[in-house]
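Subject: Structure handover

Hello,

Please find the structure below. My notes on it follow.

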Amino acid sequence: MQQFENRILRLIANGASLNETMGVLCQEVEALLPGVICSVMIVDTAGLLRSLAAPSLPDEYAIALDGVMVGPEAGSCGTAAYMRVPIGTTDIATDPRWAKHKDHAFLAEVRSCWSYPVLSEGGEPIGVLGLYFRESREPAGAETAVIKVCLELVAVALRRHERVLDRERRANVDALSGLPNRAAFNAALERVPCDEPGAWALLMIDLDNLKVVNDTFGHLAGDALIRVAANRIASVMAPDVTFRIGGDEFAVLVQAPAMLADLDGAAKRIFDTLEVGAPCEGHIVVPRATIGGAVFGQSEPTASAVSEAADFALYHAKETGRGGFVRYWPGIGTRIAHRRDAIRDVAEALGDGRIEPHYQPVVRLDTGEIVGVEALCCMRSLDGALIAAKEFHEATTDAHVAAELTGHMLSMVARDMRHWLDADLPVEHVGINVSTADFYVGSIARRLEDAFGTVDVPLSRLVLEVSEDVYLGRRDRVVAREIAALREAGVLVALDDFGTGFASLTHLLNVPVDIIKIDRSFVARLWPDDPSMVIVEGLIDIARRLGIRVVAEGIETEVQASQLWSMGCVLGQGFAFAYPADRLATAVLLRKHARGHQGATPLYAGRTPGVLSGDAIRSQAAPISEKGLASPRTGRSLRRSASTKF
């Protein structure tokens with residue numbers, strides 16, 4: 001035994017090749033233990049088994065196992081490396097871990113196998129010692145002592161080999177996180193088995209707040225965030241392999257049966273491990289992530305198809321609500337294609353000058369006076385048709401297009417405001433919608449100052465309309481910081497579409513907002529005994545007590561306007577008052593109906609259409625009677641003067 005040990009150590013010390021050393025080791029073991037067949041395999045950086053030595057096994061057997069990915073069903077050797085614990089199989093014919101490889105074992109005339117993983121100094125699998133028997137049995141007591149010494153020798157040889165090949169390994173390992181990198185990920189996808197649907201899955205993980213941390217605390221803090229996230233994801237998903245494949249993107253090759261059976265549960269494990277704050281260069285940061293996943297199967301029959309599907313799912317998850325998990329389904333591809341078409345169409349329209357603002361008045365429900373307008377983004381088609389923003393809203397998920405679209409709208413609205421003011425038209429406020437992307441492509445406050453300051457329009461005349469998913473669905477500091485800067489500059493902030501996103505009444509206690517705009521879906525349901533009546537009335541009362549103004553959107557009938565006034569809502573907008581119109585048609589409305597203009601009349605008086613613009617955009621009076629809005633509570637006419645400011 002001592003001679004065997006010394007001979008192997010001399011080969012290692014003299015720099016003999018790893019193949020030669022392991023070949024001699026296998027021969028010595030088989031000489032010491034008659035009836036035992038010895039093999040040694042290494043695990044490469046992509047998690048694939050590579051044969052080093054198996055002198056007594058048929059070449060066909062070694063070739064068949066070469067390149068097999070470690071996993072829970074990769075025979076005894078592949079499973080031992082995957083689980084990082086010894087794996088014994090006393091009957092290859094019945095062991096499910098051998099189901100894919102037992103035919104090769106039968107050709108080699110072996111019936112049982114005991115495999116021992118060799119781990120690096122960092123605890124990662126780097127090789128496997130395999131001992132085969134021609135009958136169904138486990139190692140005897142005397143054999144166990146030899147195996148122990150043999151395993152130690154294999155570990156010495158492989159660890160030395162690891163140090164020699166460290167430079168090559170670094171090419172496949174991400175230096176910052178220590179995880180396998182994109183090259184290793186690509187290699188793993190090339191060799192992952194694609195013969196059994198459902199055998200594996202991919203999770204693509206994107207850190208949501210890396211850019212924010214970099215911009216706010218510096219890149220050292222961002223690097224610390226990457227390391228924390230990498231370590232936590234790799235730990236919670238082990239023994240499955242985690243890769244860092246980009247700046248803030250990770251991938252997990254899922255093979256564990258429990259995780260495959262519950263991919264949502266696997267994603268939850270990642271969310272749970274990330275949700276604890278971590279020290280990052282003196283700052284406590286909570287890693288935030290979005291996850292997309294896809295399973296190998298009939299609809300995604302290749303590794304590249306699964307990778308693309310997981311990317312689609314991640315993209316969809318990020319665009320529809322960061323911080324969650326989306327599992328790929330075939331319809332995602334269609335939706336993403338639609339989104340890409342919208343981005344292309346808007347980019348082309350911007351280049352052609354076919355994006356233009358149209359304005360819908362905001363009126364007092366008691367006097368019918370216009371107190372402001374909302375600027376709505378419209379796009380001209382190539383044949384001249386006007387397309388509403390909701391038809392191309394998905395284009396704003398692209399940060400560059402969203403920024404360009406908003407910049408164009410700001411300059412156009414500022415120009416129109418200057419035109420109205422020069423014409424002595426008393427437009428008090430103009431509302432401008434912004435998207436999530438606008439808060440992450442530079443200071444929105446600075447862009448507003450540049451656009452409106454150039455034409456000498458005070459920022460105090462602006463209402464920035466921010467939807468709930470932008471304002472309340474994000475948990476980083478960017479949006480809050482930008483909105484605080486805007487309000488300090490005099491801009492009013494409106495929470496748009498209130499009630500359709502993440503909003504809770506408790507948010508009104510914590511978020512800095514001047515106006516809430518009740519979504520049209522509530523207004524449309526203002527009927528007796530409908531819960532919307534209670535919700536809207538309660539919301540109006542709470543907002544009043546908090547000093548927050550309320551605007552009801554989507555008013556289309558006299559009944560709705562009357563009900564809202566009776567509930568205490570002062571301001572509203574909708575087709576009952578006017579359709580969106582261009583600058584010239586809006587100027588006519590302001591001259592006739594704006595508060596503060598001499599001789600102004602209620603917008604709803606007369607039921608007559610407003611002036612048609614040159615593009616035939618109607619600005620139409622509402623079907624509301626000339627007698628004014630009667631309050632159901634008092635029975636009195638609501639056409640009375642009021643001093644409440646918008």
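Glu-465 and Lys-517 form a salt bridge, and their closest N and O atoms are 2.9 Å apart; a salt bridge here is a side-chain nitrogen of Lys or Arg within 4 Å of a carboxyl oxygen of Asp or Glu. This is a predicted model, in which local features need pLDDT of at least 70 and side-chain atom pairs count only at pLDDT 80 or more, while totals for chains, interfaces and linings use all residues. Residues are numbered from 1 along each chain as its sequence is written, and side-chain values use heavy atoms, with hydrogens and water left out.

To return to that pair: Glu-465 is in strand β17 (residues 462-467) and Lys-517 in strand β19 (residues 515-518), so the bridge links distant parts of the chain, 52 residues apart. Helices (H or I, at least four residues) and strands (E, at least two) are DSSP runs, numbered from the N terminus. Both Glu-465 and Lys-517 are buried, where buried means under 20% relative accessible area, exposed over 50%, and partly exposed in between (1.4 Å probe, protein chains only).

The two residues belong to a network of salt bridges that links Glu-374, Glu-465, Lys-517 and Glu-553. Glu-553 lies in the loop between β20 (549-552) and α21 (558-567), and is buried with a relative accessible area of 6%. Apart from neighbours within four places in sequence, the contacts of Glu-553 (heavy atoms within 4.5 Å) include Glu-374, Asp-496, Asp-497, Lys-517, Arg-520 and Gln-573.

The structure holds 29 salt bridges. One of them joins the side chains of Glu-124 and Arg-84, at 2.9 Å from N to O. This pair also links distant parts of the chain, 40 residues apart: Glu-124 is in the loop between β4 (112-119) and β5 (125-133), and Arg-84 in the loop between α4 (75-83) and β3 (87-89). Glu-124 is partly exposed at 44% relative accessibility, and Arg-84 is partly exposed at 25%. Another salt bridge is formed by Arg-137 and Glu-143, with the closest N and O atoms 2.9 Å apart; Glu-143 is buried at 10%.

Next, the aromatic rings. Rings of Phe, Tyr and Trp (its six-membered ring) pair if their centres lie within 6.5 Å; planes under 30 degrees apart count as stacked, over 60 as edge-to-face and the rest as tilted. By this rule there are five aromatic pairs. Trp-200 and Phe-296 are stacked, because their ring centres are 5.6 Å apart and their planes are at 10 degrees. Trp-200 is in the loop between α8 (182-191) and β6 (201-207) and Phe-296 in the loop between β11 (289-295) and α13 (303-321), so the pair ties together parts 96 residues apart in sequence. Trp-200 is buried at 0% relative accessibility, and Phe-296 is buried at 5%.

Tyr-359 and Trp-420 are edge-to-face, with ring centres 4.8 Å apart and planes at 75 degrees. Tyr-359 lies in strand β13 (residues 355-364) and Trp-420 in helix α15, so parts 61 residues apart in sequence are tied together. Tyr-359 and Trp-420 are both buried.

Trp-420 also takes part in a helix contact: Arg-415, Asp-416, His-419 and Trp-420 in α15 meet Arg-583, Leu-584, Thr-586, Ala-587 and Leu-590 in α22. These residues divide into four nonpolar, two polar and three charged (Ala, Val, Leu, Ile, Met, Phe, Trp, Tyr, Cys and Pro count as nonpolar, Asp, Glu, Lys and Arg as charged, and the others, Gly among them, as polar).

Regards
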